[in-house]
Amino acid sequence: MNANPFITSALIGSMFFATASLAAGGPRSGDQSTKKVEAEDLTTIEVSDLQFMREEEKLARDVYLTMDQYWGTQTQVFAQIALSEETHTSTVNYLLEKFGVEDPVVNDTIGVFTNEELQALYNELVAKGKNSLIDGLLVGGLIEEKDMRDILAAINSTDERAIILAYSNLLDGSKSHLKAFVKVIEAQGLTYEAQVLDDEEIELILDDESQVED
């Protein structure tokens, strides 16, 4: 299976997007040209991506909190990553507020989503993950792979520096989370196989020793 060139390069150096953007003239302290950006300054795709990402990060948090109820006595990985996902969804919420975009999270209750696709996905993943610890860990891997795919697509659809920087940080977090899930899976004597990304992309992520734990 041949890796998508864009995805592969981005998985290896996601922070390049943020660094290059800032170097190109991003707002700095004391820059008088800085202005408040409103929702009408964003494209329809940028707005849609922000709203989707807000709930997708919430989905990750909610699934992991639920998995921790089932498997928390056997591993702390779900609880630990859920804390990180709380930070991630809050980061996207900050962007929503910054750009004046309506927050789709009108109810922060675990397992409740405005987006019907994410609601169905949450229900499906929880049903699978509660079957066994391994199933729960594989659900975690699938979520992180899907997050990376969606984040990369969103980065490719915006030129807003603040959004690129935030998405790049989320991407690094997802790589770190995937590695954490794989570590626990391999400790069970199993080999992790790609679920959303290509095999080559997963190998690159797992072999990247430069990744800082999220």
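## Asn93, a buried residue

Asn93 has a relative accessible area of 18%, so this residue counts as buried. You'll find Asn93 in helix α4. If you skip the neighbours within four places in sequence, Asn93 is in contact with Arg54 and Asp103. Keep in mind that you're looking at a predicted model.

## The overall picture

Now for the whole protein. The secondary structure comes to eight helices and zero strands, so the pattern along the sequence reads α-α-α-α-α-α-α-α. There are 214 residues in the protein, and 48% of them count as buried.

What about contacts across the sequence? Take the contacts in the protein with a separation of 6 or more: residues 24 or more positions apart account for 83% of them.

## Helix α4 against helix α7

On the α4 side, the contact is made by Val77, Phe78, Ile81, Ser84, Glu85, His88, Thr91, Val92, Leu95, Lys98 and Phe99. On the α7 side, the residues are Ala162, Ile163, Ala166, Leu170, Gly173, His177, Ala180, Phe181 and Val184. Sort the residues of this contact by class and you get 13 nonpolar, five polar and two charged.

Helix α7 also holds Asp172. Asp172 counts as buried because its relative accessibility is 16%. Along the chain, Asp172 and Ile205 are 33 residues apart, while their C-alpha atoms are separated by 10.0 Å.

## Helix α3 against helix α6

Here's another helix pair to look for. Helix α3 takes in residues 44-71 and helix α6 residues 133-155. Their axes come within 11 Å and cross at roughly 170 degrees, and α3 and α6 are therefore roughly antiparallel to each other. From α3, the contact draws on Asp49, Phe52, Met53, Glu56, Glu57, Leu59, Ala60, Val63, Tyr64, Met67 and Trp71. From α6 come Leu133, Gly136, Val139, Gly140, Ile143, Glu144, Lys146, Asp147, Asp150, Ile151 and Ala154. By class, the contact of α3 with α6 has 13 nonpolar, two polar and seven charged residues.

Ile151 is worth a look of its own. It lies in helix α6 and is buried, with a relative accessible area of 0%. Which residues is Ile151 in contact with, leaving aside its neighbours within four places in sequence? They are Met53, Glu57, Tyr167, Leu170, Leu171 and Ser174. Ile151 and Ser168 sit 17 residues apart in sequence, and their C-alpha atoms are 7.9 Å apart in space.

Trp71 lies in helix α3. Is Trp71 buried or exposed? At 12% relative accessibility, it counts as buried. Not counting residues up to four places away in sequence, Trp71 touches Phe78, Gly129, Lys130, Asn131, Ser132 and Leu133. One of these, Lys130, is 59 residues from Trp71 in sequence, yet the two are 8.3 Å apart from C-alpha to C-alpha.

## Aromatic rings

The structure holds five aromatic pairs. In one, the rings of Tyr70 and Trp71 have their centres 6.3 Å apart and their planes at 40 degrees, so the pair is tilted. Tyr70 itself counts as partly exposed, because its relative accessibility is 40%. Phe113 and Tyr122 also form a tilted pair, with 5.5 Å from centre to centre and 50 degrees between the planes. Both Phe113 and Tyr122 are buried.

Next, look for Tyr64, Phe78 and Phe181, which form one aromatic cluster. Phe78 and Phe181 also take part in the contact of α4 with α7, and Tyr64 in the contact of α3 with α6.

## Lysines over rings

Finally, check the faces of the rings. Lys58 lies over the face of Phe113, at 4.3 Å from the ring centre. Lys98 lies over the face of Phe99, at 5.7 Å from the ring centre. Lys98 and Phe99 belong to the α4 side of the contact with α7.

Methods
Residues are numbered from 1 along each chain as its sequence is written. This is a predicted model: local features need pLDDT of at least 70, side-chain atom pairs count only at pLDDT 80 or more; totals for chains, interfaces and linings use all residues. Side-chain values use heavy atoms; hydrogens and water are left out. Contact means heavy atoms within 4.5 Å. Helices (H or I, at least four residues) and strands (E, at least two) are DSSP runs, numbered from the N terminus. Ala, Val, Leu, Ile, Met, Phe, Trp, Tyr, Cys and Pro count as nonpolar, Asp, Glu, Lys and Arg as charged, and the others, Gly among them, as polar. Rings of Phe, Tyr and Trp (its six-membered ring) pair if their centres lie within 6.5 Å; planes under 30 degrees apart count as stacked, over 60 as edge-to-face and the rest as tilted. Buried means under 20% relative accessible area, exposed over 50%, partly exposed in between (1.4 Å probe, protein chains only). A charge sits over a ring if NZ of Lys or CZ of Arg is within 6 Å of the ring centre and within 35 degrees of the ring normal. Axes are lines fitted to C-alpha atoms, for helices over the stretch in contact, and angles run from 0 to 180 degrees between N-to-C directions. Angles under 35 degrees count as roughly parallel, over 145 as roughly antiparallel, 65 to 115 as roughly perpendicular and the rest as oblique.
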